[in-house]
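I set out to record what I looked up in this structure, entry by entry.

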Amino acid sequence: MDIVPQKWRKRLIRWMEDNRALIIVFFCLPASFLFDLILNTRKWILHRLFADPRKHDERVQAIQKQVGKWNELPENTRKFMCTARPNWQSLSTTFFKKDLCHKVPIPLYNILSLDEKNLTVRVEPMVTVGGIGYF
């Protein structure tokens, strides 16, 4: 049994197609703004509380230990390895099922140094272009 009868579903879809501007203005834009606000708040909290470029080597060693443990698994039980970063946060245009892989968290979000003389920035892998521009 359908929650919405087929006749009403077709009418609703037709109304949404005819009034897509209203849906964008009153739903998509506020939802997008809210989503952006939540992500920026999360990023600000993580940066203020957990950012410490001095712990770079320690964090890299923790990742190396995880990769080493994966490498010690028997080859017939070893899954492909990937980062634990969700697909929706990736710049890649291809998505794959990360649940089939051995996920390694890579909490490396710091900007390590800025050399204005040589015009170089040393960053960790998860730094965003926006983060570099803000720095």
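I took helices (H or I, at least four residues) and strands (E, at least two) as DSSP runs, numbered from the N terminus. I worked on a predicted model, in which local features need pLDDT of at least 70, side-chain atom pairs count only at pLDDT 80 or more, and totals for chains, interfaces and linings use all residues. Residues are numbered from 1 along each chain as its sequence is written, and side-chain values use heavy atoms, with hydrogens and water left out.

**Elements.** I found four helices and four strands in the chain. Read from the N terminus, their order is α-α-α-β-β-β-β-α.

**His-56.** I located His-56 in helix α3, which covers residues 56–72. I noted a relative accessible area of 16% for His-56, which makes this residue buried (under 20% relative accessible area; exposed is over 50%, partly exposed in between, with a 1.4 Å probe and protein chains only). I then listed its contacts (heavy atoms within 4.5 Å): beyond neighbours within four places in sequence, His-56 touches Leu-108, Leu-112, Arg-122 and Glu-124.

**Cysteines.** I searched for disulfides (pairs of cysteine sulfur atoms within 2.5 Å) and the structure holds zero. Cys-82 is in none, and the nearest cysteine sulfur, that of Cys-101, lies 4.1 Å away. Cys-82 is buried at 11% relative accessibility, and Cys-101 is buried at 11%.

**Whole chain.** I recorded that buried residues make up 12% of the 135 residues. The C-alpha atoms fill a box of roughly 60 × 50 × 25 Å along the principal axes.
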